[in-house]
Amino acid sequence: MKSYRKELWFNVPSRRGFINITPQVEECLRESGITEGLVLVNAMHITASVFINDDESGLHHDFDTWLEKLAPHEPISQYRHNTGEDNADGHLKRQVMGRETVVAITKGKLDFGPWEQIFYGEFDGRRRKRVLVKIIGE
Ligand code: ZN
């Protein structure tokens with residue numbers, strides 16, 4: 001069995017944002033030389049997510065609006081976590097959107113369903129943060 005590991009770095013200039021990271025994961029897959037197996041992609045920070053959905057700008061706006069209703073950033077004082085930090089909402093948003101995704105690799109390609117793409121979700125940005133890509137297979 002072969003295995004491959006890489007860290008992808010992101011620095012979202014705003015507090016929140018979504019990035020389609022499918023091209024970077026496909027590049028990792030090419031580098032790995034693995035054609036049959038599994039790829040795990042996970043956020044390495046507890047205020048960021050990796051998830052699969054459709055690549056539509058309207059949808060990203062809808063996610064952001066929905067998450068702000070569930071866990072509004074302000075007022076900051078509403079969260080017990082925010083004693084010196086202001087990112088309690090980021091922890092909660094990450095929990096809803098998930099930590100990681102796993103995708104099957106078949107014949108050297110990410111074996112997606114229709115419209116599926118991999119996204120990095122940032123909920124406390126303006127600093128460098130990492131995503132782990134781990135690929136195992138043959
Ligand atoms: Zn925190």
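Two strands pair if DSSP finds at least two bridges between them. Strands are DSSP runs of E with at least two residues, and helices are runs of H or I with at least four, numbered from the N terminus.

This is a predicted model: local features need pLDDT of at least 70, side-chain atom pairs count only at pLDDT 80 or more, and totals for chains, interfaces and linings use all residues. Residues are numbered from 1 along each chain as its sequence is written, and side-chain values use heavy atoms, without hydrogens and water.

**Strands around β5**

β5 and β6 form a hairpin with two residues between them. K107 sits in the turn, with a positive phi of about 50°. I105 stands opposite L110 in β6. The pairings of β5 are these:

| Partner | Sense | Bridges |
|---|---|---|
| β3 (residues 37–43) | antiparallel | six bridges |
| β6 (residues 109–110) | antiparallel | two bridges |

L38 has A104 in β5 as its bridge partner. The covered face of β5 holds T101, V103 and I105; E100, V102, A104 and T106 lie on the uncovered one.

**Zinc site**

H81 (NE2), E85 (OE), N87 (OD1) and H91 (NE2) coordinate the zinc ion at 2.1 to 2.8 Å. Donors are N, O and S atoms within 2.8 Å of the metal (3.2 Å for Na, K and Ca); water is not among the atoms, so sites may look incomplete. In sequence, the donor residues follow H-x3-E-x1-N-x3-H. H81 lies in the loop between α2 (57–70) and α3 (88–97), and H91 in helix α3, 10 residues apart.

Note on methods: Buried < 20%, exposed > 50% of the residue type's maximum accessible area, 1.4 Å probe, protein only.
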